[in-house]
Amino acid sequence: MLLETIKKDFVQYKAQAEQGEFLTLREQAFAEFEKLGFPTTKHEEWKYTNLKSITDKTFQSTCEIKSLVNELFNASIESKLTANFLVFVNGSLVNELSKIIEQDNNIVISSIAAARKNNQTIFNQHFGKYAKVEGEAMNALNTALLSDGAFVFVPKGKTVTHPVVIFNISDASDLNVLAQPRNLIVAEESSSVTLVETYYAVGANASFTNVVTETYAGKNAHVEHYKIQQQGGESYQNNFTQIFQEADTNINHVTLTLDGTMVRNNLHFYMNGEHCNSLLYGLYVTDNKDFVDNHTRVDHAKPNCFSDEKYKGILKDQSTAVFNGKIMVHLDAQKTNAYQRNQNILLSDDATVNTKPQLEIFADDVKCTHGATIGELDEEPMFYLRSRGIPENVARKLLLNAFADDIAEKIKIPELVELLENLIDEKL
Amino acid sequence: MSGDKNKVMLEIKDLKAEIEGKKILNGINLVVKPGEVHAIMGPNGAGKSTLSSVLAGRADYVVTGGEVSFNGKDLLEMSPEDRAREGVFLAFQYPVEIPGVSTTNFLKTAINEKRKYLGQEPMEATAFLKFMREKMELMEMDKALTSRSLNEGFSGGEKKRNEVFQMAMLEPKLTIMDETDSGLDIDALRLVSAGVNKLKDGERSFVVITHYQRLLDYIVPDFVHVLYKGRIVKSGDASLAKELEVKGYDWIKTEVEQEANA
Ligand SMILES: Nc1ncnc2c1ncn2[C@@H]1O[C@H](COP(=O)(O)OP(=O)(O)OP(=O)(O)O)[C@@H](O)[C@H]1O
Ligand SMILES: [Mg+2]
């Protein structure tokens with residue numbers, strides 16, 4: 001049982017833990033987790049997402065690193081980029097594969113462990129301040145038992161020249177593995193950074209990744225954040241990202257889920273100032289009995305902000321997708337513009353989609369639209385292509401690629417988009 | 001008009017079709033020989049677009065009777081893509097927008113699928129681009145249009161011009177144009193006509209559906225047919241179109257009613 005693993009891990013952690021603020025924080029988080037327990041389908045937010053196949057298993061939190069990992073890293077599309085690399089295997093930093101090419105010494109790209117030594121002030125100022133622990137069992141669990149993760153600090157006015165790739169591998173060659181990465185991104189006023197957060201798994205055993213990312217965007221900051229999930233084998237992931245936006249910030253967040261037995265994404269935006277732009281785009285391509293759940297929440301807490309959300313899915317076989325998009329327009333968030341769409345194409349009669357927009361609007365002068373579709377490919381374009389001599393299967397491919405590439409193209413790294421489009425093409 | 005006088009390209013015999021239980025084509029007969037231009041006219045709702053859709057193989061329509069042969073093959077048996085690759089091309093009355101599929105990629109795929117079907121090697125990228133450039137010049141297609149998604153955000157006239165551009169690229173044996181002239185300005189009309197006339201080689205045939213004589217000034221038909229209530233009720237030469245332009249359809253409708261009553 002997973003719970004036993006966790007309890008054992010926490011006892012072990014405490015035995016060797018440092019004293020002070022951090023320990024207190026984690027003890028509180030653990031207490032919260034013990035109080036809440038794992039979410040069950042009785043929770044409204046977890047209605048369709050049954051964690052039983054995870055909680056019934058035993059996982060190991062650490063594991064030896066194998067050469068397989070090097071191979072996987074070198075074969076990955078992300079490794080082809082000119083970028084800063086932080087590579088984590090089962091939640092621990094792998095120095096040999098990590099490489100920072102940023103020249104500006106004021107910009108910090110390091111592990112969380114290093115940041116706690118070298119950037120204590122900034123770290124303490126932001127860590128745990130955005131991703132809520134109260135009532136959020138999985139965040140509490142991560143906070144209590146986090147392994148390591150990425151720390152990115154971009155001081156005022158600075159731009160990180162190349163993307164930061166946060167590369168996570170679960171190596172389940174020998175045992176079931178549990179990893180709890182934790183990332184903290186601090187982009188100060190008028191700074192800018194591009195993040196590529198990516199997940200893989202190797203090995204014949206099961207892996208469970210429970211990750212939390214907190215992003216703070218200072219006034220007028222610009223953060224591009226791309227999440228690419230391709231964990232193969234028997235892999236489970238719970239991914240919580242909380243983005244906290246000050247005024248005039250621009251956030252473009254793209255989530256591509258291309259593999260994984262069970263993936264639950266929780267993406268939360270909180271707009272704490274006026275004139276913020278929040279863009280949330282997602283694509284999931286599922287097959288077999290895979291399950292993908294995207295829960296998003298956009299908090300329009302201040303007036304004059306804009307959010308645009310578009311999630312698209314292509315489902316094959318007996319796969320299942322869940323989309324739940326919550327938009328909260330707070331009382332004084334006048335002149336809010338919020339758009340949301342969820343479009344699904346089912347390629348099999350056995351695939352299932354549960355989609356639910358959730359608009360809670362407390363201000364009166366707002367523009368909010370939402371729409372969800374579940375269906376097959378449109379017949380009109382299909383007939384048009386076929387009437388030009390393109391066979392049905394080729395036409396279907398063209399249309400599906402067009403449908404998916406629309407989301408992939410929200411990524412602003414052309415080399416990566418091209419590689420991803422090839423990958424999507426193969427997957428289809 | 002040239003071509004082999006004894007050869008028939010398209011033969012439609014007593015074609016009947018319906019949609020959602022509604023009878024729309026009630027026994028169409030039409031013979032098109034190589035090199036011929038046929039104009040089909042007729043009031044709104046007569047079944048002209050239905051006829052072209054049935055010929056192109058749109059699945060919504062149920063053929064309830066009759067037969068259609070194309071160069072000796074049973075057209076109705078074929079999938080839409082096979083009809084196209086055998087040489088049938090329909091210029092749509094309302095071309096659809098296809099976001100995310102570029103015109104260039106679409107045409108390259110269409111041409112190479114046709115070549116594959118005919119047992120030919122695929123066209124090389126450079127040869128294709130050269131060929132496309134030629135046809136773009138012919139149709140005065142702006143480069144910006146072909147680099148965009150297929151028909152996406154095109155004006156009505158641009159969509160129609162794009163249909164004829166595709167026809168020029170695919171070089172079909174039989175082109176069916178469904179009101180390609182509607183919504184075109186004078187210059188575009190001339191371009192579209194030039195595109196058609198350029199493709200005419202005495203072998204290729206055209207079925208031109210139109211409401212207006214002005215197109216037929218440029219593309220002169222050998223035969224003009226009037227479709228009414230799902231049947232061809234009158235056929236004649238180019239002068240019939242001119243007569244219709246002046247007199248409208250009422251006299252034909254009256255003729256049909258009288259015949260029915262007799
Ligand atoms: N999907 C459909 N369901 C029901 N009726 C249809 C459908 N499609 C066409 N029809 C009907 O079939 C008839 C013939 O339509 P069609 O589009 O073929 O006419 P048309 O001759 O092309 O007219 P126009 O000159 O206006 O283009 C019309 O009465 C039309 O309403
Ligand atoms: Mg019509």
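Author: By contact I mean heavy atoms within 4.5 Å of each other. This is a predicted model, in which local features need pLDDT of at least 70 and side-chain atom pairs count only at pLDDT 80 or more, while totals for chains, interfaces and linings use all residues. Residues are numbered from 1 along each chain as its sequence is written, chains are lettered from A and ligands numbered from 1 in the order in which they are written, and side-chain values use heavy atoms, with hydrogens and water left out.

Reader: Which residues does S319(A) touch?

Author: Not counting residues up to four places away in sequence, S319(A) touches T286(A), D287(A), N288(A), K289(A), D290(A), D350(A), A351(A) and T352(A). S319(A) itself is found in the loop between β16 (306-315) and β17 (320-329) of chain A, where helices (H or I, at least four residues) and strands (E, at least two) are DSSP runs, numbered from the N terminus.

Reader: Is S319(A) buried or exposed?

Author: S319(A) has a relative accessible area of 0% and is therefore buried; buried means under 20% relative accessible area, exposed over 50%, and partly exposed in between, with a 1.4 Å probe and protein chains only.

Reader: And what does the side chain of S319(A) make a polar contact with?

Author: The side chain of T286(A), at 2.7 Å, and the side chain of S319(A) also reaches the backbone oxygen of K316(A) at 2.6 Å. A polar contact is a pair of N or O atoms within 3.5 Å; within protein, one must be able to donate a hydrogen and the other to accept it, and residues adjacent in sequence count only if both atoms are side-chain atoms.

Reader: Changing topic, which residues touch the most other members in the largest nonpolar core?

Author: They are L385(A), I411(A), L416(A) and I12(B), in a core of 115 residues. A nonpolar core is a set of buried Ala, Val, Leu, Ile, Met, Phe, Trp, Tyr and Cys residues joined through side-chain atoms within 4.5 Å. Its largest share, 9 residues, comes from helix α9 (residues 392-408) of chain A.

Reader: How buried is helix α7 of chain A?

Author: Helix α7 (residues 137-145) has 9 of its 9 residues buried, so it is largely enclosed by the rest of the structure. The buried residues of α7(A) pack against α1 (2-16), α2 (21-36), β7, β9 and β11 of chain A.

Reader: How many aromatic pairs are there over all chains?

Author: A search of the whole structure finds 21, where rings of Phe, Tyr and Trp (its six-membered ring) pair if their centres lie within 6.5 Å, and planes under 30 degrees apart count as stacked, over 60 as edge-to-face and the rest as tilted. Y216(A) and F244(A) form a stacked pair, 6.1 Å centre to centre with 15° between the planes; Y216(A) is in strand β9 (residues 207-217) and F244(A) in strand β11 (residues 235-245) of chain A, 28 residues apart. F244(A) is buried, with a relative accessible area of 17%.

Reader: Which other ring does F244(A) pair with?

Author: F244(A) and Y270(A) are also stacked, at 5.7 Å centre to centre and 0° between the planes. Y270(A) lies in strand β13 (residues 262-271) and F244(A) in strand β11 of chain A, so this pair ties together parts that are 26 residues apart in sequence. At 26% relative accessibility, Y270(A) counts as partly exposed.

Reader: Last topic: what coordinates the magnesium ion (ligand 2)?

Author: The donors are S49(B) (OG) and Q93(B) (OE1), at 2.0 to 2.3 Å. Donors are N, O and S atoms within 2.8 Å of the metal (3.2 Å for Na, K and Ca), and water is not among the atoms, so sites may look incomplete. S49(B) lies in helix α1 (residues 48-56) of chain B and Q93(B) in the loop between β6 (88-91) and β7 (98-102) of chain B, so the pair ties together parts that are 44 residues apart in sequence. S49(B), at 26% relative accessibility, counts as partly exposed, whereas Q93(B), at 14%, counts as buried.
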